[in-house]
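The exercises below are to be worked with the sequence and the 3D structure open. Each task is followed by a solution in steps.

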Amino acid sequence: MKKLRLILGDQLNIQHSWFQEKCPDVGYVMMEIRQETTHVTHHVQKLVGYFSAMRQFAAELRQRGHQVIYLKINDRDNAQQLDTNLEALIQKQGIARLEYLLPDEYRLDKQLRSFCSHTHIDTAAFDTEHFYTERTELAYLFKGKKQRRMETFYRHMRRKHQILLEKGQPVGGQWNFDSENRRPWKGEVPLPPPPCSVTDCTDILVDIDRAGLRYFGQVAAHRFLWPTTQKQALEALHSFLQDALPYFGTYQDAMTTRSWYLFHARLSFTLNTKLLSPRQVVQAALTHWEAHRTQIGLAQIEGFIRQIVGWREFMRGIYWEFMPTYAEKNFFDHRAQLPSYYWTGETKMSCMHHAIKQSLAHAYAHHIQRLMVTGNFALLAGVHPDEVDMWYLGVYIDAVQWVFVISTHC
């Protein structure tokens, strides 16, 4: 092994060009480290989700004939820091070249750039081959402009990637059907079945407790319900397209105490860990819609596509254009601490009670519950953006900084 390639816990893209051929002089390293498990206090389902997905990804790489060094959280030779582990492996293995995939978080990007600038071996960084856009595409699109509007970016993306277009114009004659995405759900159509992925996480929970990692929440009966392999992720995607897409757009903003997921896809964890790519999801959704146009209205598919090629890519572009200064923004100079009931849900405010209780139980809430309920209340209460940011990053299984630092700092 002369070349070492680093894979972070949110870089589980088996379609990446790195993995398409076996090289006897190339090895891969993956790490479960305290550096990443303790910078905020995480919901236990988030820890379980990442550890499970990483371990199964490493096993798949080995099955395909790749050399993999995997450091579990309790391994004796795990120094619990990214750079310290890398340096030890370089020395022990006699590595001549280190390669890594560009991180999605500024903090890790900075750490790896610093490490590479000081190490004595050759280094190189590569794209994750996941997103539709490069880091700088949004900044280039809005160069010289005072405003960055998601709608402008969204239309650019639709045109560039020929999504829902006919002869250069939007299908249906309009770009955005958001006005049709706001109906309340009152039980008039049946809910889709519950999550289909079930993973026994007993061993991982033992490892987490043995390591003494701080966490909150629980995994009911040690049965983990989020996809942690590409196969499970594809099954979840198929289930969404069959059972929920016909109603997704209509009830996209709805809230109810009768369901914690309504018609939402719950694919954000698999997208953010790169078990699925946005192109996979969008193409599958478009193919399904084309075959079922009589059952699935245009507002349903457009509302779903907008979240992926519009909002998701837009938020990432804003992040990379304005970090690290964006994380320091606090326009209203808010200083209050996060109320204690964000950790219990014990409040007489009904919407807050249900949104928080659901978040604590399932490590999930949809965008209206997050932004319009818990987020808006924190804004009105004058809570410091850092406090809100840390709560979101900890409580939600799909929470990543490039989304939430933009949502909470202004």
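**Exercise 1. A surface patch**

Task: Locate F331 and state whether F331 is buried or exposed.

Solution. Step 1: F331 sits in the loop between α12 (298-322) and α13 (350-362); helices (H or I, at least four residues) and strands (E, at least two) are DSSP runs, numbered from the N terminus. The model is predicted: local features need pLDDT of at least 70, side-chain atom pairs count only at pLDDT 80 or more, and totals for chains, interfaces and linings use all residues. Residues are numbered from 1 along each chain as its sequence is written, and side-chain values use heavy atoms, with hydrogens and water left out.

Step 1: The relative accessible area of F331 is 66%, so F331 is exposed. Buried means under 20% relative accessible area, exposed over 50%, and partly exposed in between (1.4 Å probe, protein chains only).

Step 2: Together with F332 and L379, F331 forms a nonpolar patch on the surface, with about 350 Å² of accessible area in total. Patches are made of residues with over 30% relative accessible area and no salt bridge; like charges are joined within 9 Å, nonpolar side chains (Val, Leu, Ile, Met, Phe, Trp, Tyr) within 5 Å. Accessible areas come from the Shrake-Rupley method with a 1.4 Å probe, and for residues only the protein chains shown count as cover.

Step 3: The loop between α12 and α13 also holds P324. A cis peptide bond joins M323 to P324, with omega about 5°.

**Exercise 2. The sheet and its helices**

Task: Give the order of the strands in the open sheet, then state which helices pack on the strands.

Solution. Step 1: Five strands form the open sheet, in the order β4-β2-β1-β5-β6, with parallel pairing. Two strands pair if DSSP finds at least two bridges between them.

Step 1: β4 (67-71) and β6 (122-126) are the edge strands; each has a single partner strand, so one side of each has no neighbour in the sheet. On average, neighbouring strands are turned by 20° against each other, direction ignored. Axes are lines fitted to C-alpha atoms, for helices over the stretch in contact, and angles run from 0 to 180 degrees between N-to-C directions.

Step 2: β2 (residues 26-31) pairs with β4 in the parallel sense over five bridges. Y28 has V68 in β4 as its bridge partner.

Step 3: Helix α3 (residues 82-93) lies across β1 (3-6), β2, β4 and β5 (97-101), and runs at about 150° to β2. Helix α4 (residues 106-118) packs on the sheet and touches β1, β5 and β6; its direction makes about 165° with that of β5.

**Exercise 3. The surroundings of L82**

Task: List the residues that L82 touches, not counting residues up to four places away in sequence.

Solution. Step 1: L82 belongs to helix α3. With a relative accessible area of 2%, L82 is buried.

Step 1: L82 touches L6, M31, I33, Q35, L108, Q111 and L112, residues up to four places away in sequence not being counted. Contact means heavy atoms within 4.5 Å.

Step 2: E32 and L82 are 50 residues apart in sequence, and their C-alpha atoms are 9.3 Å apart in space.

Step 3: The loop between β4 and α3 contains Q80. Q80 is not a glycine, yet has a positive phi of about 70°. At 12% relative accessibility, Q80 is buried.

**Exercise 4. Salt bridges within helices**

Task: How far apart are the N and O atoms in the salt bridges D109 with R113 and R306 with E302?

Solution. Step 1: Apply the rule, a side-chain nitrogen of Lys or Arg within 4 Å of a carboxyl oxygen of Asp or Glu. The count comes to 23 salt bridges.

Step 1: D109 and R113 meet at 2.9 Å, N to O. They are four residues apart in helix α4, so about one helical turn separates D109 from R113. D109 is buried at 4% relative accessible area, and R113 is partly exposed at 41%.

Step 2: In the bridge between R306 and E302, the closest N and O atoms are 2.7 Å apart. R306 and E302 are four residues apart in helix α12, about one helical turn. R306 is buried at 4% relative accessibility, and E302 is buried at 1% relative accessible area.
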